[in-house]
Amino acid sequence: MKNSILIIDFGSQVTQLIARRVREAGVYSEIVPFNSAAEKLPGINPSGIILSGGPASVIGDETPRAPEAVFEMGVPVLGICYGQQTMCAQLGGRVEAPDHREFGRAEVDVVADCALFDGVWEVGQRDQVWMSHGDTVTAIPEGFTAVATSKGAPFAVIANDEKKFYGAQFHPEVVHTPRGAELISNFVHKICGLPGDWTMASFKEQAIESIRREVGDGKVICGLSGGVDSSVAAVLIHEAIGDQLTCVYVDNGLMRAGESEQVVSLFRDQYNIPLIHRDASDLFLDALEGQDDPEVKRKTIGRIFIDVFDEEASKIGGAEFLAQGTLYPDVIESVSFAGGPSVTIKSHHNVGGLPERMNLKLLEPFRELFKDEVRALGRELGMAAELIDRHPFPGPGLAIRVPGAVSRDRLDILRKADTIYLEEIRNAGLYNEIWQAFAVLLPVRTVGVMGDGRTYEYVCALRAVTSTDGMTADYYPFSHDFLGRVSTRIINEVQGINRVVYDTTSKPPGTIEWE
Ligand SMILES: Nc1ncnc2c1ncn2[C@@H]1O[C@H](COP(=O)(O)OP(=O)(O)OP(=O)(O)O)[C@@H](O)[C@H]1O
Ligand SMILES: O=c1[nH]c(=O)c2[nH+]cn([C@@H]3O[C@H](COP(=O)(O)O)[C@@H](O)[C@H]3O)c2[nH]1
Ligand SMILES: NC(=O)CC[C@H](N)C(=O)O
Ligand SMILES: [Mg+2]
């Protein structure tokens, strides 16, 4: 592909952030796992290659390597962390595992000029970077020089300006390396010579093209939840293939109060896209009865979603494709990438929760995007702020917000508390400042005293986080006054709850949802 960057993935949790920084620099990129890179290279024919980090050690036997062609095709290469280590090992340098390891914030000293630093760093300067490595390069291949050093990495950045090969031990793609995005921008613009003319508008055109190519004259059903991702997916796919698309909203009995009516009427008012409203709540709730394991709940829900989509597909005379608004964070938390040991955190219903055998082929145009990028695309498609700015809501819905066994009664209690909480957030003008907010009903009862009587009822936990992409998050610092107000309302108005607590955990170490 003309004017593209190829990212070879060795299984880092942050590979997508490299892609994202490249996109932010206005350049198209594709990610391929290291073990299929050799076969994809000729077809993609990139103008530059970035080798990602990864959990393996190049010192070990049979650990991943970049295809030799990477270093022979005459294009610039940037190796990051594991990528730098394997580049050195493959080109005649040495990597060792010293006692001193570096995780987190570190400082580099710039000791020589190179094209990567142009306009960013000068010789003699010291700056903050983010490291996460155990192994270290201890000898560099011929033709390279050390251009920056750190305490734990004598070869923090190495450069071969003639061949345009660069390696960094730290991660320029993460926000904790403040000038990292500029280094990546230098790589793609100044070193690879690419113009920064790729935009969300070009993503839209490319996505429409590729949807048309993939779908041909087949029929598509799109799982529409009313959330940001599936709404934007539906509008994009509709632009691509028009009336070959039918949307299906599934009421799984796990939605918030009034949500089904709201979503269906909002969507029908705004768009002229056929929409089926399927009430499958008994199917879901009966299957969940008594289930208390988070992964079992998620997989049960994932399976029933697919059964329902299959049924709806055959009702419209058959469809070949199921479109979903799956995003990258859904994918990385659910599956292990590149065959490496990156672990499953939780099975998102639409990825790790899917049954093994499926009749419908998946059409997921946003599998590589982050939520804020999908929002930008929604704006590009002219969609209403009402849809675009909605907080995310997980497909398994309230089932993963009632830790322990799901029951209709407990879901009803939670719905009431959640409604009050969100109403107060909106009234206080905080909805758009918060990335996501919700109530959780704990399976724990505590003793209280109300109206001089003894109560023994459930605890409700409130959660609100700030984030940009859902990969990391911090708790929202509500005023005590606000928390007190919400707490009083919930306890007074919701039968079944006599205590309210606020969750102050960030992600990591927590996740946003409780299950
Ligand atoms: N109730 C539902 N009916 C139909 N499809 C659904 C439903 N819930 C989830 N899905 C499908 O699963 C996908 C993933 O759900 P997810 O909640 O991550 O995305 P979303 O609902 O589109 O957006 P948001 O994250 O803003 O809620 C959706 O994009 C959609 O295709
Ligand atoms: O569609 C979804 N299906 C799921 O199974 C699922 N699990 C979590 N989420 C949402 O993903 C974001 C990150 O959540 P976690 O920090 O809890 O993993 C948050 O926005 C969560 O609400 C899901 N969305
Ligand atoms: N983040 C990385 O790429 C780590 C590379 C390698 N696993 C190390 O520990 O050095
Ligand atoms: Mg959702």
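The buried residues of helix H1 in this predicted model are Thr15, Gln16, Leu17, Ile18, Ala19, Arg20, Arg21, Val22 and Arg23. Here a residue is called buried if 20 or more other C-beta atoms, placed from the backbone, lie within 10 Å of its own, exposed if 12 or fewer do, and partly exposed in between. Helix H1 spans residues 15-24 and is mostly covered, with 9 of its 10 residues buried. Just after H1, Gly26 has a positive phi of about 80°. Helices (H or I, at least four residues) and strands (E, at least two) are DSSP runs numbered from the N terminus.

Residues are numbered from 1 along each chain as its sequence is written, while chains are lettered from A and ligands numbered from 1 in the order in which they are written. As the model is predicted, local features need pLDDT of at least 70 and side-chain atom pairs count only at pLDDT 80 or more, whereas totals for chains, interfaces and linings use all residues.

Two helix pairs involving H6 can be described next. Helix H6 (residues 228-241) packs on helix H11 (residues 371-380) at an angle of about 40°, and their axes are 10 Å apart. Axes are lines fitted to C-alpha atoms, for helices over the stretch in contact, and angles run from 0 to 180 degrees between N-to-C directions. H6 and H11 are therefore oblique to each other; angles under 35 degrees count as roughly parallel, over 145 as roughly antiparallel, 65 to 115 as roughly perpendicular and the rest as oblique. The crossing of H6 past H11 is left-handed, a term used if the near helix is turned anticlockwise from the far one by less than a right angle, with right-handed used if clockwise. On the H6 side, the contact is made by Val228, Asp229 and Val232, and on the H11 side by Lys371, Val374, Arg375, Leu377 and Gly378. Two residues are in contact if their C-beta atoms, placed from the backbone, lie within 7 Å. By class, the residues of this contact of H6 with H11 comprise 4 nonpolar, 1 polar and 3 charged. Ala, Val, Leu, Ile, Met, Phe, Trp, Tyr, Cys and Pro count as nonpolar, Asp, Glu, Lys and Arg as charged, and the others, Gly among them, as polar.

Within H11, the residues Lys371, Val374, Arg375, Leu377 and Gly378 are buried. They cover an arc of only 160° around the axis, which puts them on the same side of H11; the arc is that of the directions from the helix axis to the C-beta atoms. The cover over the buried residues of H11 includes helix H5 (200-215), H6 and helix H12 (385-388).

From H5, Lys204, Ala207, Ile208, Ile211, Arg212 and Val215 meet Leu236, Ile237, Glu239, Ala240 and Ile241 of H6. The contact of H5 with H6 has 8 nonpolar, no polar and 3 charged residues.

Some single residues complete the picture. Lys297 lies in helix H9 (residues 294-315) and counts as buried, with 26 C-beta neighbours inside 10 Å. Leaving aside neighbours within four places in sequence, Lys297 is in contact with Leu288, Gln291, Pro396, Ala399, Ile400 and Val406. Lys297 and Ile400 are 103 residues apart along the chain, and their C-alpha atoms are separated by 7.7 Å.

Ala156 sits in the loop between strand S9 (145-150) and strand S10 (157-160) and is buried, with 28 other C-beta atoms within 10 Å. Ala437, by contrast, belongs to strand S17 (residues 436-450) and is partly exposed, with 19 other C-beta atoms within 10 Å.

Positive phi values also occur at residues other than glycine. Asn45, in the loop between helix H2 (37-44) and strand S3 (48-51), has a positive phi of about 45° although it is not a glycine. With 13 C-beta neighbours inside 10 Å, Asn45 counts as partly exposed. Glu62, in the loop between S3 and strand S4 (77-80), has a positive phi near 55° and is exposed, with 6 other C-beta atoms within 10 Å.
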